[in-house]
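Open the model in your viewer and keep the selection tool at hand. The tour goes from one selection to the next and says what is there.

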Amino acid sequence: MKIAVQMDHISTIQISGDTTFALCLEAQKRGHKLFHYTPDRLFMRDGKVFARLDPLKVRDKKGDHYTLEQPTRTNLAEMDIVLLRQDPPFDMDYITTTYMLERIHPKTLVVNDPVSVRNNPEKIFVTEFSDLMPETLITKDPLEVIAFHREFGDIILKPLYGNGGAGVFHLSDGDHNLRSLLEMFGQIFREPFIVQRYLKNARAGDKRIILIDGESVGVINRVPAEGDIRSNMHVGGRAERTKLIRREREICSRIGPSLKKRGFILVGIDVIDGYLTEINVTSPTGIQEIKYFGGVDIAALFWDTIEARKQ
């Protein structure tokens with residue numbers, strides 16, 4: 001197959017933990033042809049969708065992990081697969097790429113489905129399963145946030161469309177910084193904020209569970225660094241071996257049919273202390289850490305699923 005990968009530039013990734021890189025390695029191993037482009041090189045002309053594609057070769061060698069050949073202006077309808085893999089923020093630039101990719105999907109299979117990615121922002125999509133979540137507020141109204149803080153004492157405040165742990169704050173009971181923080185958020189973000197009840201066992205870790213085509217296939221626990229509330233590994237979180245418990249399997253079985261119905265082939269969900277906190281559908285990570293700790297090779301399962309669909 002001919003596979004185009006829409007991603008942040010491959011020179012910027014850390015190959016030891018990058019899911020897109022693992023997917024590319026496995027695709028190349030199977031004999032598929034890889035092409036690389038960044039979102040700014042995507043364009044539409046007279047209703048047809050193009051990108052300047054660099055033929056790509058990848059190697060599992062730190063500091064020398066890729067080769068790009070000369071780019072060629074290419075109609076993306078000529079591709080078999082487009083992997084939609086650039087990182088958020090989920091802003092109008094990101095959304096515009098989904099409008100373009102919608103024009104070629106599903107004849108060219110875009111993973112994940114661009115319409116569903118656009119219509120199900122990660123921190124809003126999760127509210128469809130409100131009984132599985134901690135108490136959650138989405139608003140820009142400071143009075144509502146203050147009332148929520150007063151009700152629960154400990155809260156988490158974060159931007160609605162952020163990623164990677166950026167802008168995540170823990171405000172404990174009696175914290176006097178909330179009003180100033182809301183003023184700052186109001187100046188920085190045009191969109192609402194998301195506020196959740198702080199889960200007391202968050203320090204024990206945040207489980208990242210990977211689902212392929214609606215089925216759970218692997219899990220890793222991400223433990224925050226000392227002095228930090230964020231478990232994201234690129235900001236110092238530590239991965240450790242774990243397994244799914246019954247509550248987490250119940251969560252996966254509840255959300256799985258909705259993921260499959262929406263065309264979400266690769267999804268990463270976050271579960272803290274038995275509560276679903278996020279459903280990551282844009283560029284979920286974690287598959288390399290799962291394999292490292294003895295889990296299944298999720299990159300192989302992913303391409304098994306894709307190849308079956310394209311037969």
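This is a predicted model: local features need pLDDT of at least 70, side-chain atom pairs count only at pLDDT 80 or more; totals for chains, interfaces and linings use all residues.

**Stop 1: helix α1**

Select residues 19-29, which form helix α1. This helix is mostly covered, with 8 of its 11 residues buried. Colour the buried ones: Thr19, Thr20, Phe21, Ala22, Leu23, Cys24, Glu26 and Ala27. Now show what they pack against: the strands β1 (2-6), β2 (33-37), β4 (48-58) and β16, and the helices α8 (287-292) and α9 (298-310).

**Stop 2: Ala22**

Stay in α1 and pick Ala22. Is Ala22 buried or exposed? Its relative accessible area is 12%, and buried means under 20%, so Ala22 is buried. Leaving aside neighbours within four places in sequence, Ala22 is in contact with Ile287, Gln288 and Ala299. For a sense of distance, draw a line from the C-alpha of Ala22 to that of Gly214: the two are 20 Å apart in space and 192 residues apart in sequence.

**Stop 3: helices α5 and α6**

Select residues 142-152 for α5 and residues 178-188 for α6. Two packed helices are described by the angle between their axes and the distance between the axes. Here the axes come within 11 Å and cross at roughly 145°. The crossing of α5 and α6 is right-handed. Show side chains where the helices meet: Pro142, Val145, Ile146 and His149 belong to α5, and Leu178, Arg179 and Leu182 to α6. By type, the residues of this contact are 5 nonpolar, 1 polar and 1 charged.

**Stop 4: helix α7**

Select residues 246-261, helix α7.

Next, centre on Ile255, where α7 bends by about 35°. Within four residues after that point comes a proline, Pro257.

Ile255 is also one of the buried residues of α7, along with Glu248, Ile251, Cys252, Gly256, Ser258 and Leu259.

Definitions and conventions. Residues are numbered from 1 along each chain as its sequence is written. Side-chain values use heavy atoms; hydrogens and water are left out. Helices (H or I, at least four residues) and strands (E, at least two) are DSSP runs, numbered from the N terminus. The expected span of a helix is 1.5 Å times one less than its number of residues. The bend at a residue is the angle between axes fitted to the seven residues ending there and the seven starting there. Buried means under 20% relative accessible area, exposed over 50%, partly exposed in between (1.4 Å probe, protein chains only). Axes are lines fitted to C-alpha atoms, for helices over the stretch in contact, and angles run from 0 to 180 degrees between N-to-C directions. A crossing is left-handed if the near helix is turned anticlockwise from the far one by less than a right angle, and right-handed if clockwise. Contact means heavy atoms within 4.5 Å. Ala, Val, Leu, Ile, Met, Phe, Trp, Tyr, Cys and Pro count as nonpolar, Asp, Glu, Lys and Arg as charged, and the others, Gly among them, as polar.
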